[in-house]
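Could you walk me through this structure in my viewer, one selection at a time? I'd like to know what to pick next and what is there.

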Amino acid sequence: MIDVILCDDHALIRRGIRDTLSDAPDIRVVGEVGDYGELRSLMRERTQPGSGCTVPCDVLVLDINLPGRSGLDALHVLKDEGSPVKVLVVSMYPEDQYAIRALRAGAYGYVNKGGDPQILVQAVRTVAQGRKYVTPEIAQMLVESLTAPTTEAAHTKLSDRELQTLVMIASGKRLADIAAELMLSPKTVSVYRARVLEKLALGNNAELTVYAIRNGLVGE
C-alpha cells in the first residue's frame, strides 16, 4: 500500500485529489494539510515513538503555491534534511514555468492539476517506486535544455521566490495582495520586486508584465 500525504492550500483541490487517489486500490491518503507549517507538524506527528511509522509517508503530493513558505521551499528543506519521502509536485502552473526547477530541487515528478486524473495515479505509483515521473512535455524540455545553446533566459537566474513574485505581479496582483497570499510583509515583497527588476534590467511593472508574457510565464 502506498501512503500519501496531500499538501495544498485549497480544500476543494485536496478533496478532488484525495477522491482520485482513493479510487486506486493500492493508494491511501493518510493525511492532508494546507501549508508548510501544518506539513511539518503532521510529518513529525506520524513519526513519533509509538506511531508505528518510520517515515511519515511514501509519497508527498505537494503544491508549489502555498501561503508562507512555498512548495519549492519545502522541497529544498526536505532535500537538505535527506528525507526519504518522495515528492510529487502537482501544480496549476504549466510545466515550462516550474517543472525543471522542482525536479532540480528534489522532486521525483511534476504533474499539472489540469491533466487527466489517471495521470496523477500513475505518477504516484511511479514515484513510490523511486523512479522519476515526467510528462512528454517535460521530457522534451529536458532534452532541449541539454541540446540548446548555453545562453538562458534572464528569468532562469531568479530565485524561486523572485520568480514567484514575477509571475504574480505579471498576473495583475498588487504587492499587498502578494504579501498577504505569501504571508510576507509588503516590504519584503517590494524587495523581491526590486531584485526582479534589477536582474531582468526592467524599469517598472508594465515592462515586467510584457517580459513575462513574451517568455510564456503568464498568459496574454
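Start by selecting Lys 113: in this predicted model, Lys 113 is partly exposed, with 27% relative accessibility. Lys 113 sits in the loop between strand 5 (109–112) and helix 5 (117–128), and Asp 8 in the loop between strand 1 (2–7) and helix 1 (11–22), so the bridge ties together parts that are 105 residues apart in sequence. Asp 8 is buried, at 3% relative accessible area. Bring in Asp 63 too: Asp 8, Asp 63 and Lys 113 are linked in a network of salt bridges.

Next, pick Ser 91 in strand 4 (residues 86–91). Is Ser 91 buried or exposed? Its relative accessibility is 0%, so Ser 91 counts as buried. Beyond its neighbours within four places in sequence, its contacts include Asp 63 and Lys 113.

Two further salt bridges are worth a click. Arg 14 and Glu 32 meet at 3.0 Å, N to O, joining helix 1 to strand 2 (residues 27–33). For Arg 40 and Glu 81, the closest N and O atoms are 2.5 Å apart; this pair links helix 2 (residues 36–46) with helix 3 (residues 71–81).

Finish at helix 8 (residues 175–182), where Ile 178, Ala 179 and Leu 182 are buried. These residues cover an arc of only 100 degrees around the axis, which puts them on the same side of helix 8. Just after helix 8, Met 183 has a positive phi of about 60 degrees.

Technical notes:
Residues are numbered from 1 along each chain as its sequence is written. This is a predicted model: local features need pLDDT of at least 70, side-chain atom pairs count only at pLDDT 80 or more; totals for chains, interfaces and linings use all residues. Side-chain values use heavy atoms; hydrogens and water are left out. Buried means under 20% relative accessible area, exposed over 50%, partly exposed in between (1.4 Å probe, protein chains only). Helices (H or I, at least four residues) and strands (E, at least two) are DSSP runs, numbered from the N terminus. The arc is that of the directions from the helix axis to the C-beta atoms. Contact means heavy atoms within 4.5 Å. A salt bridge is a side-chain nitrogen of Lys or Arg within 4 Å of a carboxyl oxygen of Asp or Glu.
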